[in-house]
Amino acid sequence: MFHSIILYIVGRFLFVFINLAALYLLIRGHNAPGGGFIAGVTTALSFVFLTIISKSGDIKKLLIVDPIYVMITGLSIVYFLCLYPTFGFKAVLTHSQFTPLLFDVGIYMVVVGVIGSVMSAMIHNTEQLP
Amino acid sequence: MTSNLIVFPIILPLITSILLILCYKRLYFRRYLSIASLFLQMYTIIVLTTQVIKENTLQVLYVGGWDAPYGIALTFDLLSGIMTGICVFLAIITLLYGFGYTPIKKEHLFKLPLFFFMIAGIQLSFITGDLFNLFVAFEILLIASFGLMSLESRSNHKKYTYPYVALNLVGSFVFLVTIAVTYRLLGTLNFADMGVRSHLLTSDPRLWVMGVMLIFVFGLKGAFFPLYYWLPKSYPILPTPTGAFYAAMLTKVGVYGMIRLFGTVLPHSLGTLHTLVLVLAIPTMLLGILSAFSKKSMRDILCFNLISHIGVIMMGLGLFTKESLTASLFYMIHHMLVIASLFLIAGLIIKMKGSDNIENIGSLWKTSPLLSGLFLIQGLSLSGLPPFSGFWPTIGLIREGLSQGSYILVFSLLASSLLTLLSMVHILFRGFWDTQSPNVQKPVPYFKPMVGVAGILVLVSLGLGLYPEPVLKLSHDATEMVLNQKAYQSQVLP
């Protein structure tokens, strides 16, 4: 894997801005184009970018936790919000004031987790190729 | 009428799969948890189905509180009840059998979670009342089944997963295009609303285009005549318990989609499309079973038999009378139980003899009369001989075919039934009766209760053959509910 110091320095700054954009997309998604999925893809790609430009080339070293746990946490949030209205005898997935944003956060975590784990497996595999 | 119970057959497997990933270290607990979750799911399905039978209405849930044509409606009628119930029953049977088949240390960590994601997809496709949601359900079950297939197959067989993945991805793409066409044509994707609006367009050729595309999509999932290439390549590479579940359930999802779309949604006057299904049914019935004679492995033979029997179900669909659809539905119930049990028996033979090649197993009558007896019963049932469960739907289809005057169809149905009998007799004579060939592998000891689990399935299908009235009545009522479009529309649309 190639390693360029200029790309690395610039890339670390870019990483912050990509994630700020992702955060903007996540919050804006409540009533406009955007939302959990798009934001999740953006964040996951920022991690992939950082992995490619950094020397170690292992996404799991950059993340504090295994991406699969991020996915499970996100899914748990989504399932909880899906079933939560049944306690108040409303239809499943009925939303109130803040739950759509939380739901989006859940989806965001699922997407980051899935793409993160898939990409870490793929980067890991292609490194061994000649 | 809002009842949140409808969502539980979908959400329970999803929650279970998360729990199964989280407690990956407690191997025995995972197995108990998965069986317990399936029994809970069975309980909710039984409660829902009894409600449907008692009130003779659909159970409808407007997800998120959005009313019918705008939001997604989940509908549960008798057909959904039958299909989801059999799916859970077969899942319990194949999982219990699989626990004996694979040693607990060798079971892959993600096998059970993926299996549960697949069940969630199957149940959602049986329960949903929205075309796009049906697409989502297909995607969930396909992606989970791709994963399961590539996890479970041996590394030298991985290449056979590609036809499955590639053709099903093409199918998903065409499904998406079909949805776009539907939305352009009707302006809605809700089944009830689609029904109301398509009745105004019955003479419009665009409706036929949509119908042909739907036949293509469901035909690809259900292995109809020109599109069945992927099935006999990919199913035999799976370990038999998973293979049994795939063979029993996954093609039936496509057939269910056909019944739902042509029975409940599209107008019944589209005779040209029904004829197209009939025309495709004849080669599906005959070509599938003829290919079975060139195969030596029991699972290959069963897969080609499966294609031929999809053709039989299509024949009932194409004739499109109340009686023929009832017979089709009964045939589907019978076939899911029988093909799964035949796969499980083949798995036991693999465990015993080290192979399911009929040249190699030899003289099983002597070594294991019980297994041979079970196979004999199910083989005869598959070919539709009188005291067994295959007889009743076959005779119903023949009677409907004769009363409609379609003699070619009746002839090919009888031919395919006879050829099924021949292929079963072929297995019985070559594999069970002939003397043992010298190049036999050493037998492997297997877990005895596995025979019991396969036996339960055989007993259920035997009971279905000896006392068919309740199931016949159930499938008759389910067909009536499916065909009653006015009631469906008035109950779903507020």
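Select chain A to begin: this chain has five helices and zero strands. Helices (H or I, at least four residues) and strands (E, at least two) are DSSP runs, numbered from the N terminus. The order of elements in chain A, starting at the N terminus, is α-α-α-α-α. The model is predicted, so local features need pLDDT of at least 70 and side-chain atom pairs count only at pLDDT 80 or more, while totals for chains, interfaces and linings use all residues. Residues are numbered from 1 along each chain as its sequence is written, and chains are lettered from A and ligands numbered from 1 in the order in which they are written.

**Chain A**

Colour chain A by burial. Of its 130 residues, 32% count as buried. A residue is buried if 20 or more other C-beta atoms lie within 10 Å of its own, exposed if 12 or fewer, and partly exposed in between, with C-beta atoms placed from the backbone. Among contacts in chain A with a separation of 6 or more, 72% come from residues 24 or more positions apart. Two residues are in contact if their C-beta atoms, placed from the backbone, lie within 7 Å.

Next select residues 36-53 of chain A, helix α2. Its 18 residues reach 26 Å from first C-alpha to last, close to the 26 Å expected at 1.5 Å a residue. The expected span is 1.5 Å times one less than the number of residues. Buried residues of α2(A) include A:G36, A:A39, A:F47 and A:I53.

Move on to A:Y84, in the loop between α4 (67-83) and α5 (99-127) of chain A. A:Y84 counts as partly exposed because it has 17 C-beta neighbours inside 10 Å. Draw a distance from its C-alpha to that of A:G116, 32 residues apart along the chain: the separation is 28 Å.

**Chain B: two helices side by side**

Select helix α1 (residues 8-22) and helix α4 (residues 111-127) of chain B, whose axes are 8 Å apart and which pack at an angle of about 170 degrees. Axes are lines fitted to C-alpha atoms, for helices over the stretch in contact, and angles run from 0 to 180 degrees between N-to-C directions. That angle makes α1(B) roughly antiparallel to α4(B), a term for angles over 145 degrees. Among the residues making the contact are B:P9, B:L14 and B:I21 of α1(B), and B:F116, B:F117 and B:I127 of α4(B).

**Chain B: a strand pair**

Show strand β1 (residues 59-62) of chain B. Both of its faces are covered, with B:Q59 and B:L61 buried on one side and B:V60 and B:Y62 buried on the other. Four bridges join β1(B) to strand β2 (residues 73-76) of chain B, and the two run antiparallel. Strands pair if DSSP finds at least two bridges between them. Opposite B:Q59 stands B:F76 in β2(B).

Select residues 369-382 of chain B, helix α16; its end C-alpha atoms are 20 Å apart, in agreement with the span of 20 Å for 14 residues. Ten of the 14 residues of α16(B) are buried, including B:L371, B:F375 and B:L382. What do the buried residues of α16(B) pack against? They pack against α12 (298-319), α13 (322-353), α15 (364-367), α18 (407-433) and α19 (449-466) of chain B. Just after α16(B), B:G384 has a positive phi of about 80 degrees.

End at B:G354, in the loop between α13 and α14 (358-361) of chain B. B:G354 counts as partly exposed because it has 15 C-beta neighbours inside 10 Å.

Technical notes: Parallel < 35°, antiparallel > 145°, perpendicular 65-115°, else oblique.
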